[in-house]
Amino acid sequence: MAKQIFGFLMLLISLSIISCSDSREIVKDSGIYSDVSIEDAISDTLLDAGTDSFEVVHSCTPATIKNDETLQDKFSLSLFHYNIQYIAGGGEKYENAIIRIGFEPILDILLRHPNWKFTIEMQAYMVEIMAERYPKTFIKLKQLVKNCQVELVSFHYSDQLFLAYPVNDMRWSIELNNDIFSSLGIFPSGVVFTQEGQFGEGMLPFMKENNYNIALYPKNLFRYFQGNIPFKPLYSKYDTDIVVVGGSVNSDGILVDWSYFNDGELLTTGGFSPYFVDTGNYKIDEESIKKYENELAVKEQAGYRITTVGDYVATIKARGIKAEPLPPLLDGTWQPDDTQNIFRWMGDMKGQIERDNYVLTTNYNARKYVLSLETVIGELEKKGIDTDSYKKALKVAKRYLAFAEVSDSTGWYPNKIEVEYSISNANLAKEIALKTIKEGLKSLGINGIGKIDNQAKTITSASTKEEIIIDQDCPLDLPIAEITSEYYSYKTFCKVVDENRTDVRIVFSPTDTTKFKTATLKLKYDTDIVEYIPALMEERGKDAFVSYHASNFAKNELNTSLASGLIRLDSERFLIKHNEYFHISPFMNFETKTITFIDNTPESSGFEWRFSIIKGDSSKAYQYMKDINLYPVVFIE
């Protein structure tokens with residue numbers, strides 16, 4: 001079994017041996033986790049590759065450029081997006097093929113052309129695998145980063161559908177990234193592009209907090225919200241620079257051409273993806289590589305600089321070109337017209353076997369135990385109890401959760417292996433966190449039931465598990481416009497929690513398990529305003545909300561993710577999805593005045609959706625959202 005470079009992940013824990021989908025083992029031991037040094041974890045092959053493998057290399061910071069007559073005005077840019085989890089859970093043969101066939105030949109292009117520069121994006125997990133299995137390729141990458149020919153972009157450890165989860169999950173992912181880059185002595189640039197081109201304005205302040213400064217906004221997502229208007233050389237919001245990736249520019253005396261903006265795995269094979277590894281079609285196509293090199297050479301002869309996004313932005317600023325304010329947008333992905341924005345990953349059925357809502361809610365459930373372990377560790381530290389072993393367990397759980405949140409298990413066309421990859425990793429994250437929490441509660445002297453308040457950061461004993469039972473008749477004034485389902489019967493139950501909150505539970509039971517099934521919920525959306533909390537902004541209090549008028553957008557119906565579950569329905573009411581039960585993306589229709597949730601991937605055995613209707617202002621709704629989704633109270637027996 002392959003061992004990946006991850007110093008803190010040499011697992012010794014109190015579980016029976018479990019083999020999971022990425023060929024790692026969990027080994028039974030004393031009950032809490034231990035690790036080994038990074039030097040011991042790195043393979044002999046990497047050590048044999050030479051001392052340069054341990055040199056610390058930072059992705060180049062573009063030089064300060066002065067405005068004079070020699071400044072460049074023609075740019076040929078690139079974005080090679082790599083995903084080592086292209087077939088999530090498929091195993092090493094796919095991962096190895098991506099590195100050997102889809103990635104290394106791109107580095108070789110740069111070695112043949114020392115004046116050229118590419119922007120290359122990948123998750124830190126790919127860097128980790130590369131350094132372990134292909135140390136010479138890793139050193140080649142490291143040297144090209146050092147030479148400023150590769151602008152290395154990395155924003156998440158696993159290629160997560162991060163727009164579906166709260167900001168804490170991305171913090172954990174960044175922590176894992178930093179561990180990998182620190183151990184390997186290579187650090188990414190300040191540029192951000194993400195899996196599936198996910199983009200939302202909540203990314204921007206989060207980027208700034210984590211020392212990233214340039215965001216890449218996919219051209220088709222820009223047009224989804226704003227229509228076919230010309231792209232400006234540079235945009236800005238939250239004091240962060242934004243470039244429309246893939247969007248040609250002819251403005252302010254600047255010409256921008258994108259030589260490549262796609263999955264990096266495809267260029268070197270003539271368009272074949274890693275799904276064709278088993279057929280033998282995923283192989284190096286020298287003609288495709290030569291064609292691309294010739295196209296770049298022609299551009300270079302025409303006066304274009306073959307360069308990186310960072311160099312481009314630095315030059316734009318040196319020319320005195322001001323960034324335009326970023327137009328209104330919602331959370332979305334890079335091909336929204338093909339995928340109905342993020343719906344492909346949050347409710348749509350296109351794969352061989354999809355369980356979108358089950359995968360997403362299972363991950364949401366697992367994350368609350370990882371969060372609770374953080375709370376337990378904080379309480380242990382207050383009591384002066386040593387927490388080193390607990391923190392190591394926490395890192396392991398975070399890593400499995402990052403794998404579980406991978407996008408490929410719910411779209412574009414996931415297969416059974418990919419779906420099971422998320423579910424098994426979520427269960428491992430939960431199991432590790434839960435077992436370690438129980439050890440921590442014992443150390444705190446809490447027997448019986450422990451109550452972990454993740455918002456107040458307190459832990460107390462409880463006589464019973466407090467639970468809101470939703471089993472009553474519903475009031476007549478609920479804003480439900482329609483519930484429909486194919487091959488399901490359903491019942492609706494409610495609980496008036498207080499004067500401002502009513503919880504709703506819809507229980508679906510199958511009437512025919514052999515047929516294709518779907519379920520739809522329409523709510524009254526009596527507003528021309530989209531007021532919601534973008535992903536990664538959930539902790540910003542009153543500043544978490546953004547509000548846009550329908551006239552700000554080019555379409556009458558828009559889709560987004562609702563990582564927090566919260567959106568305004570009308571002048572007096574908000575909706576909060578209970579994301580642990582119901583995590584499908586909504587469609588807001590400004591003409592029909594409805595907000596619609598469609599699940600084409602429901603569980604054949606039956607399922608239930610839960611949500612709350614909140615009366616009052618945004619501050620009330622925000623506090624309920626934190627209680628329900630962001631910082632739930634967790635009871636542990």
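Student: What volume does the largest pocket of this model have?

Tutor: The largest pocket holds about 890 Å³ of space; the model itself is predicted.

Student: What makes up the lining of the largest pocket, and which residues lie nearest its centre?

Tutor: There are 29 lining residues, and those nearest the centre are Lys-368, Glu-466, Glu-467, Val-633 and Phe-635. To count as lining, a residue must have an atom within 4 Å of a pocket point. At least two residues each come from α12 (356-382), α14 (416-443), β16 (449-453), β20 (501-510), α15 (618-630) and β30 (633-636). The largest share, four residues, is supplied by β30.

Student: Why is Tyr-275 called partly exposed?

Tutor: The relative accessibility of Tyr-275 is 37%. Buried requires under 20% and exposed requires over 50%, so Tyr-275 is classed as partly exposed. Tyr-275 is located in the loop between β13 (254-263) and α9 (286-301).

Student: Which residues make the nonpolar surface patch of about 260 Å²?

Tutor: Phe-272, Tyr-275 and Phe-276 make this patch.

Student: Which residues of helix α8 are called buried, and what covers them?

Tutor: In α8 (residues 219-226), the buried residues are Leu-221, Phe-222, Tyr-224, Phe-225 and Gln-226; the term applies under 20% relative accessible area. Their cover includes β9 (214-218), β10 (235-237), β11 (240-245), α11 (336-339) and β24 (557-559).

Key
Residues are numbered from 1 along each chain as its sequence is written. This is a predicted model: local features need pLDDT of at least 70, side-chain atom pairs count only at pLDDT 80 or more; totals for chains, interfaces and linings use all residues. Side-chain values use heavy atoms; hydrogens and water are left out. Patches are made of residues with over 30% relative accessible area and no salt bridge: like charges are joined within 9 Å, nonpolar side chains (Val, Leu, Ile, Met, Phe, Trp, Tyr) within 5 Å. Accessible areas come from the Shrake-Rupley method with a 1.4 Å probe; for residues, only the protein chains shown count as cover. A salt bridge is a side-chain nitrogen of Lys or Arg within 4 Å of a carboxyl oxygen of Asp or Glu. Buried means under 20% relative accessible area, exposed over 50%, partly exposed in between (1.4 Å probe, protein chains only). Contact means heavy atoms within 4.5 Å. On a 1 Å grid over the protein atoms alone, a cavity is a set of points where a 1.4 Å probe fits but cannot get out, and a pocket is an open set with protein on both sides within 12 Å along at least five of seven lines; lining residues have an atom within 4 Å of a point. Grid points are joined across faces, edges and corners, and a volume is the space filled by probe spheres set on the points.
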